[in-house]
Amino acid sequence: MNFDLSPLLLTFKLAATTTLILIIIGVPLAYWVVFTPRKLKYLVEPLISMPLVLPPTVLGFYILLFFSPQSWLGNFLETFFHIKIVFTFLGLVIGSVLFSLPFMVNPIKAGLQSFPQSLIEASYSLGKSKRETLFKVILPNIKPSLLTGIVMGFAHTVGEFGVVLMIGGSIPGVTRTASIAIFNDVEALNYANAHFYAGILFVTAFVILFTLNILNRKTVKII
Amino acid sequence: MIIIKAKKRLITSQGSISLEVDFKIADKELIALYGPSGAGKTTILRMIAGLTDPDEGFIKVDDEVWFDSGKGINKPVQKRRISYVFQDYNLFPHMTVRENLEYALQNPKDYNLIDDALEMVHLTALSHCKPDKLSGGQKQRVALIRALLHKPKIFLLDEPLSSLDLELRLKLQDEILAIYHRFKIPTIFVTHDLSEVFKLSNQILILEQGKIVRAGKPEEIFGQEILSGEFKFVGNILELKLEDFLYIVTVQIGHNCTKVIATEEEAREWRVGDKVLVAAKAFNPIIMKV
């Protein structure tokens, strides 16, 4: 029997892209939320965690509304930049980044909060800027939190369903990820296919979480 | 010359106090900030360093104004060229001893200074160890030279030796003195150990409830102008025993006990546990309450 590998490849491509973007925005965002004295953070913090409690369809619905060609923003992007968000891979990435944001930001936030302020002050007293202190002192010491964020961000994107279905619309080879392919195959009573995708996702998720636990156990707590 | 005027409201375990200090530090001075805990000693160091902002005040080092609440000047800690040695060392745990020192260098080309510094405190052999492999004394030595490699204009030490045992403390006091004599950087250190005050400082500021209550040379402060003793130690009275017409006073100085004689009049003023200064003037040791 020949299995179509494209949903799996698409899933991992989406997860990798999403994770990369999440690292780039997650670290500064977590740093800002932890260290800013501004009250605005009390508004931003719950917004970051919203995907934890909202049904994915809500997020998908709003993204669909905001970026559809009929909307002001979607129309603007398409007319001036020829960028389509809805039913494209780019749309999936945007949805996944928003949806997996708390899984990246929250572990890093916890790492930063438990990092001793005195070590930060020691670095400042040696004339080092905030940026240098972040990269050379803080981040190397909160590796377990970073790793947890990266792995959870990745794994959560692999397991996404609702958002991806709403924004992507299950177009084979373009937006049909493994989780959606399983749904389609079950609907079509195509159990062999569903087993194939489901088994691979199951094993992958287990291996990822198992490795994360082993790695974080090996990291000696130094703080 | 360093000028420090600062006011700040502090919340301490004894309630809220108003920290109000105004003092100057001449070049090459080694100042001890002495006082009970909660008096505001650490806050003063932190305000000089730029880690804590005074409510109002003025801090000037040489020709640079570091803080002026009137003009809204507040140089960030990174720009102040201070060195701060913390009570709990604060070495970076993910870096080796050498990497910790390299991190402090202003100019990466100065790496040969690191070898000198390591040699000065006899840590060359441990330069590739992570801090968690070092003893408390070794960690504090690394912290001391790391602070120096930053080439500070002022050296701030916050109870640098308080978590070490006595023997190590005495040894590191010698090393701090040696460092001070070599670099002649104006230095302020916080302590509540009187023997440290006598051994290290040439000026003392006594702080109580956020105010400087006395300032001067340690001998003057403690009323020992008459002393020009060859040795002096601070210790605690363990026992007062009357033998015929003289008292034998047993004083604990560090790990050692010393017996000193005192007249009945003198001894009447003292109690077991009192902190005393034992000094030798010419040949006869004298003892007095501090």
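Visitor: Is Ile214(A) buried or exposed, and how many other C-beta atoms lie within 10 Å?

Guide: One caution comes before the reply: this is a predicted model. Ile214(A) has 9 other C-beta atoms within 10 Å, so Ile214(A) is exposed. Its place is in helix 11 of chain A, which covers residues 191-218.

Visitor: Which elements make up the secondary structure of chain A?

Guide: Chain A has 11 helices and 0 strands. Read along the sequence, the pattern is therefore α-α-α-α-α-α-α-α-α-α-α. The C-alpha trace of chain A spans about 65 × 45 × 30 Å along its principal axes. Of the 223 residues in chain A, 35% are buried.

Visitor: What share of the contacts in chain A join residues at least 24 apart?

Guide: Here one considers contacts between residues at least 6 apart in sequence. Among these, 75% join residues at least 24 apart in chain A.

Visitor: At what angle do helix 1 and helix 5 of chain A pack?

Guide: A helix pair is described by an angle and by a distance between axes. Helix 1 (residues 6-35) and helix 5 (residues 89-114) of chain A pack at about 45°, and their axes are 7 Å apart. That angle makes helix 1 of chain A oblique to helix 5 of chain A. The crossing of these two helices of chain A is right-handed.

Visitor: Which value does phi take at Phe87(A)?

Guide: The general idea is that most residues other than glycine have a negative phi. In Phe87(A), phi is near 60°, a positive value in a residue other than glycine. Phe87(A) is placed in the loop between helix 4 (72-81) and helix 5 of chain A. With 18 C-beta neighbours inside 10 Å, Phe87(A) counts as partly exposed.

Visitor: Where does Leu189(A) lie, and what is its phi?

Guide: Leu189(A) lies in the loop between helix 10 (178-187) and helix 11 of chain A. Its phi is near 60°, again a positive value in a residue other than glycine. Leu189(A) has 7 other C-beta atoms within 10 Å and is therefore exposed.

Visitor: How many helices and strands does chain B have?

Guide: Chain B has 8 helices and 16 strands. Its radius of gyration is 21 Å, close to the 19 Å that the globule rule gives for 290 residues, so chain B is as compact as a globular protein of that length. The C-alpha atoms of chain B fill a box of roughly 70 × 50 × 35 Å along the principal axes. Buried residues account for 38% of the 290 residues in chain B. Among contacts in chain B between residues at least 6 apart in sequence, 64% join residues at least 24 apart.

Visitor: At what angle do helix 4 and helix 5 of chain B pack?

Guide: Helix 4 (residues 136-149) and helix 5 (residues 166-183) of chain B pack at about 15°, with their axes 11 Å apart. Angles under 35 degrees count as roughly parallel, and helix 4 and helix 5 of chain B are therefore roughly parallel to each other. Helix 4 of chain B passes helix 5 of chain B in a right-handed crossing. The residues that meet include Leu144(B) and Leu148(B) in helix 4 of chain B, and Leu172(B) and Ile179(B) in helix 5 of chain B. By class, this contact of helix 4 with helix 5 of chain B has 6 nonpolar, 2 polar and 2 charged residues.

Visitor: How many residues does each chain give to the contact between chain A and chain B?

Guide: The contact takes 18 residues from chain B and 16 residues from chain A. On the side of chain B that touches chain A, strand 7 (82-85) and helix 2 (97-104) of chain B each supply at least two residues. Strand 7 of chain B gives the most to that side, with 3 residues. By class, the side of chain B that touches chain A has 10 nonpolar, 6 polar and 2 charged residues.

Conventions: Residues are numbered from 1 along each chain as its sequence is written. Chains are lettered from A and ligands numbered from 1 in the order in which they are written. This is a predicted model: local features need pLDDT of at least 70, side-chain atom pairs count only at pLDDT 80 or more; totals for chains, interfaces and linings use all residues. Two residues are in contact if their C-beta atoms, placed from the backbone, lie within 7 Å. Helices (H or I, at least four residues) and strands (E, at least two) are DSSP runs, numbered from the N terminus. Ala, Val, Leu, Ile, Met, Phe, Trp, Tyr, Cys and Pro count as nonpolar, Asp, Glu, Lys and Arg as charged, and the others, Gly among them, as polar. The radius of gyration is taken over C-alpha atoms; the globule rule is 2.2 Å times the number of residues to the power 0.38. A residue is buried if 20 or more other C-beta atoms lie within 10 Å of its own, exposed if 12 or fewer, and partly exposed in between; C-beta atoms are placed from the backbone. Axes are lines fitted to C-alpha atoms, for helices over the stretch in contact, and angles run from 0 to 180 degrees between N-to-C directions. Angles under 35 degrees count as roughly parallel, over 145 as roughly antiparallel, 65 to 115 as roughly perpendicular and the rest as oblique. A crossing is left-handed if the near helix is turned anticlockwise from the far one by less than a right angle, and right-handed if clockwise.
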